[in-house]
Amino acid sequence: MPRENINDLLAFVAVAREGSFTKAAAQLGVSQSALSHTIRGLEARMGVRLLSRTTRSVSPTEAGAYLLARIGPGFDEIESGVAALSDFRDTPRGHVRITTAEHAANTVLWPKLAPVMQRYPDVSIEINVDYGLGDIVAQRFDMGIRLGDQVAKDMIAVRIGPDWRMAIVATPDYLQRMPAPQTPQDLAAHQCITMRLPTHGGLMAWELEKDGAAVQVRVQGQWVFNGSRAMLRAALAGYGLTYVPEDMAAPHIAQGELLRVLDDWCQPFSGYHLYYPHRRGMSPAMRVVVDALRHSEVANVADLPAVLRTKHMQEIQRK
């Protein structure tokens, strides 16, 4: 096959995976008009329409989906093979794309990766903050970050952080106006500051558990955000109860700016795990990231929150 045809197929794969000529053009480093011309030429030579275009989206036709499934993995293997050549260099190099939630990016990825990256100037990292829990293969990410029980069974998973809890908090002034909830059902009477998830467009359920009884509470309120920092800010402004990671709320609780409620209903989650597909080889750049993020036992157990410190000591005693 002529080389220009291979380049055209690469262009098709990029557009089909991104679902956008604009995004694919940026990825390939070409103009949108040039990319559109390339795809039209490819379709003309093949005699079949590969992409369905509307004013809002681009998606593969039945023929396009078939072609993408046949050639996409092959291009992935070529890309992995080229990246693996870094093994023959003295220092790793390459680009690593990671999708993660905001909390993991701030509390795990940045603290662990920032100092390590200074030693590897040829390694670059792209962190995409997204709560969608999308398909990392389809979206062309090298790795994803999720809680342990959210990782699909067909992925390789590496623990990168300890167990942690959520906290339900509000200002003292708010809790003077509204009686503090004693049960999850009491949340229905409160103004609750919550998050909208991009995957299904629904509001995030507050996952609570006590004495083996687990409930998912759907709350309502004046404010809905797509990030935890904004939720915490609204709670500090007195707009109601919010449900955020414990470590984010802890400084404000210590200063008396926030009070915690339903503490005994907030049980630990299994910590963050990095994951990637079984079939994808690990490039030297990915290996740098994995080694930097891999979780180790806490050196000073006293630094853990009380509930996690107890759990940690129980695990040690069982070993």
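Student: What should I know before reading any numbers?

Tutor: This is a predicted model, in which local features need pLDDT of at least 70 and side-chain atom pairs count only at pLDDT 80 or more, while totals for chains, interfaces and linings use all residues. Residues are numbered from 1 along each chain as its sequence is written, and side-chain values use heavy atoms, with hydrogens and water left out.

Student: What is the mean pLDDT?

Tutor: The mean pLDDT of the protein is 84, and 87% of its residues reach 70 or more; pLDDT is the predictor's confidence in each residue, from 0 to 100. Over residues 298–319, however, the pLDDT is below 50, and this stretch has 17 contacts in the model beyond near neighbours in sequence. A contact means heavy atoms within 4.5 Å. Where pLDDT is low, the predicted coordinates should not be read in detail.

Student: How many helices and strands are there?

Tutor: The protein has 10 helices and 14 strands. These are DSSP runs numbered from the N terminus, with helices (H or I) of at least four residues and strands (E) of at least two. Of the 319 residues, 42% count as buried, where buried means under 20% relative accessible area, exposed over 50%, and partly exposed in between (1.4 Å probe, protein chains only). Among contacts between residues at least 6 apart in sequence, 73% join residues at least 24 apart.

Student: Which strands make up the sheet that contains S3?

Tutor: The order is S4-S3-S5-S14-S6, an open sheet of 5 strands with mixed pairing. Strands S4 (123–129) and S6 (155–159) are the edges, each pairing on one side only. Two strands pair if DSSP finds at least two bridges between them. Neighbouring strands in this sheet are turned by 30° against each other on average, direction ignored.

Student: And what packs on it?

Tutor: Helix H5 does, touching S3, S4, S5 and strand S14 (272–277), and its direction makes about 170° with that of S4. Helix H9 (residues 284–293) lies across S3, S4, S5, S6 and S14, running at about 45° to S3. The axes are lines fitted to C-alpha atoms, for helices over the stretch in contact, and angles run from 0 to 180 degrees between N-to-C directions.

Student: Where does H5 bend?

Tutor: H5 (residues 102–117) bends by about 45° at Leu-109, with a proline, Pro-111, following within four residues. The bend is the angle between axes fitted to the seven residues ending at a residue and the seven starting there. Leu-109 is buried, as are other H5 residues including Val-108, Leu-113 and Val-116.

Student: How does S12 pair with S7 and S8?

Tutor: S7 and S12 run antiparallel and are joined by 4 bridges, whereas strand S8 (residues 192–195) pairs with S12 in the parallel sense over 2 bridges. Thr-242 in S12 stands opposite Val-169 and also opposite Ile-193.

Student: Is Thr-242 buried or exposed?

Tutor: Thr-242 counts as buried because its relative accessibility is 0%. Its strand, S12, is mostly covered, with 5 of its 5 residues buried.

Student: What does its side chain reach?

Tutor: The side chain of Thr-242 reaches the backbone oxygen of Ile-193 at 2.9 Å. Not counting residues up to four places away in sequence, Thr-242 touches several residues, among them Ala-167, Trp-206 and Met-231.

Student: Which residues other than glycine have a positive phi?

Tutor: Asp-211 is one of them, with phi near 55°, and Leu-262 is another, with phi near 50°. Most residues other than glycine have a negative phi.

Student: Where do these two lie?

Tutor: Asp-211 is in the loop between strands S9 (206–210) and S10 (213–217), and it is exposed, with a relative accessible area of 75%. Leu-262 lies in the loop between S13 and S14 and counts as buried at 6% relative accessibility.

Terms used
Polar contact = N/O pair within 3.5 Å; in protein donor to acceptor, adjacent residues only side chain to side chain.
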